[in-house]
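Let's take a walk through a protein fold, one piece at a time. Have a look at the picture first, then read on.

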Amino acid sequence: MDADMKVCGRDPDSRFVGLAAEVFAMLADATRVRIIMALRDGELSINHLADIVDKTPAGVSQHLAKMRLARLVATRQDGTRVFYRLEDDHARHLVTEAILQAEHSLDGTPRHHHSGSRTTP
């Protein structure tokens, strides 16, 4: 097998399958999904995120700590304030696709199928 094929990780027997399941487990929390959706347009402070997701700053901080360990988010410090951002676009894409899939559970044709083009939730 070509060395590039081994790195890809898209085969069912890839060593990345277990890690991918861990990513899904990390995203299997509505607050974390909301945090990722809030961060899709740029960085935010914990207090701003707490307001957006309607949770306490302490609770959001705990979620962000787990998400940081999973390398879903990164931080930037400005004085005493810490700002969070998505580490890369992959989590945003996963959450967007999950929201689009969730729309299929509703009655009728999902909103993203009406115009013939995809809309970002």
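Which residues in α3 meet which residues in α6? Keep in mind as you look that this is a predicted model.

## Two helices meeting

From α3, the residues involved are Val33, Ile36 and Met37, and they meet Ala91, Arg92, Val95 and Ile99 in α6. Sorted by class, this contact has 6 nonpolar residues, 1 charged residue and no polar ones.

How do you describe a pair like this? Two packed helices are described by the angle between their axes and the distance between those axes. Here, α3 (residues 30–39) and α6 (residues 90–103) pack at about 115°, and their axes are 10 Å apart. The crossing of α3 past α6 is left-handed.

Now for the strands. There are 3 of them in an open sheet, ordered β1-β3-β2, with antiparallel pairing. β1 (44–45) and β2 are at the edges with a single partner strand each, so one side of each has no neighbour in the sheet.

β1 is joined to β3 by 2 bridges, and leucine 44 sits opposite tyrosine 84 in β3. Helix α3 turns up again here: α3 packs on the sheet and touches β1, β2 and β3, with its direction at about 90° to that of β3.

## The hairpin

β2 (residues 73–78) and β3 (residues 81–86) pair over 6 bridges, in the antiparallel sense. Along this pairing, glutamine 77 stands opposite valine 82 in β3.

Together, β2 and β3 make a hairpin with 2 residues between them. Check out glycine 79 in the turn, which has a positive phi of about 70°.

How values were computed: Residues are numbered from 1 along each chain as its sequence is written. This is a predicted model: local features need pLDDT of at least 70, side-chain atom pairs count only at pLDDT 80 or more; totals for chains, interfaces and linings use all residues. Side-chain values use heavy atoms; hydrogens and water are left out. Axes are lines fitted to C-alpha atoms, for helices over the stretch in contact, and angles run from 0 to 180 degrees between N-to-C directions. Helices (H or I, at least four residues) and strands (E, at least two) are DSSP runs, numbered from the N terminus. A crossing is left-handed if the near helix is turned anticlockwise from the far one by less than a right angle, and right-handed if clockwise. Contact means heavy atoms within 4.5 Å. Ala, Val, Leu, Ile, Met, Phe, Trp, Tyr, Cys and Pro count as nonpolar, Asp, Glu, Lys and Arg as charged, and the others, Gly among them, as polar. Two strands pair if DSSP finds at least two bridges between them.
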